[in-house]
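Trainee: Could we go through this model together? I'd like to know where the labels come from.

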Amino acid sequence: MTMETIPFSQACENNKAPILSVLRTVFTDPGVILEIGAGTGQHAEHFARSLPHLTWQPSDQPDHHNTCRARLGRANLPNVLEPIALDVRHRPWPVGHVDGVFSANTAHIMGWQAVEALFAGVGELLGPGQSFCLYGPFNENGRFTSDSNARFDQHLRAQDAAMGIRDIDDLNVLARFSNLALADRHPMPANNQCLVWVRTGPA
Ligand SMILES: C[S@@+](CC[C@H](N)C(=O)[O-])C[C@H]1O[C@@H](n2cnc3c(N)ncnc32)[C@H](O)[C@@H]1O
C-alpha cells in the first residue's frame, strides 16, 4: 500500500483530539494499551505520538489488520508494537501482558456474540484497577440519544441485521459478568461517548 492508497477515515481525524483528552486521564501510568479494531491505524498513530509514556499494541481482525500495519509501518513510532491479528470471538486472545484496553467504533459493528466475547476477553486480560475505554455511539435506557444516532442505527441494520447501536445497560450486564464496573461516561462530539470500565475483583 502506498500512502495514497492506505484507507483514511475523516471521522478519526475529527474525533481523535476529544478521545485523546479522555485517554490522558484514563491511561496515566506507563504501560501497554491494547487497541481492538484499530481500523486505519490513525488513532493508534495519534495516541501513541501524544502519549509517549504508553506502549500501543494495535490489533484488528486477520483480514483487516494490514491497513493499520501499513500506516503504522510508515509512522515508525518507537512506542507502537507490531499490529496483531485479533478477532475477539477467538479466545484465548493471542496477546501478552497489557495494562489497559481501548476500542473505538467497534461495539455497533460487531454482532452481539462478538460484543459478549469482547467483554469476556477484556475481563480476562485486565487486572484489578485497570481500565477499558470504549468510544462510540451508545443508547441509554433503551433509547437513542439523538435522531442522527437513530438514523445511523437504521443504516447499520439495513446493511447487516447483526450490527446496531448498543445500549449501555446491556453492555453493563456483560461488564458485570467480567468484573468490570462502569467508572466514567464522557460525552463526546457528534452524540458519541467514551465509556470507561475499571476491572474489579479477583485477578
Ligand atoms: C467502524 S471500524 C472502526 C475502526 C477504528 N477503530 C475507528 O474508530 O475508525 C470497526 C472495526 O471493528 C473491527 N471488528 C469488527 N468485528 C471484529 C471482531 N470480531 N474482532 C475484532 N475486531 C473486529 C473491524 O475490523 C474494524 O476495524
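Predicted model: local features only at pLDDT ≥ 70, side-chain atom pairs only at ≥ 80, totals over all residues.

Trainee: Why are Phe-47 and Phe-102 called an edge-to-face pair?
Mentor: Rings of Phe, Tyr and Trp (its six-membered ring) pair if their centres lie within 6.5 Å; planes under 30 degrees apart are stacked, over 60 edge-to-face, and the rest tilted. Here the centres are 5.4 Å apart and the planes make 90°, so edge-to-face is the label.

Trainee: What makes Phe-47 buried or exposed?
Mentor: Buried means under 20% relative accessible area, exposed over 50%, and partly exposed in between (1.4 Å probe, protein chains only). Phe-47 has 0%, so it counts as buried. Phe-102 also has 0%, so Phe-102 is buried too.

Trainee: Which residues form one aromatic cluster with Phe-47?
Mentor: Trp-56 and Phe-102.

Trainee: How do you know that β5 and β9 pair?
Mentor: Two strands pair if DSSP finds at least two bridges between them, and strands (E, at least two residues) are DSSP runs, numbered from the N terminus, as are helices (H or I, at least four). There are 6 bridges between β5 and β9, so they pair. The two strands run antiparallel, and Leu-134 has Leu-195 in β9 as its bridge partner.

Terms used:
Residues numbered from 1 in each chain as written. Heavy atoms only, no water.
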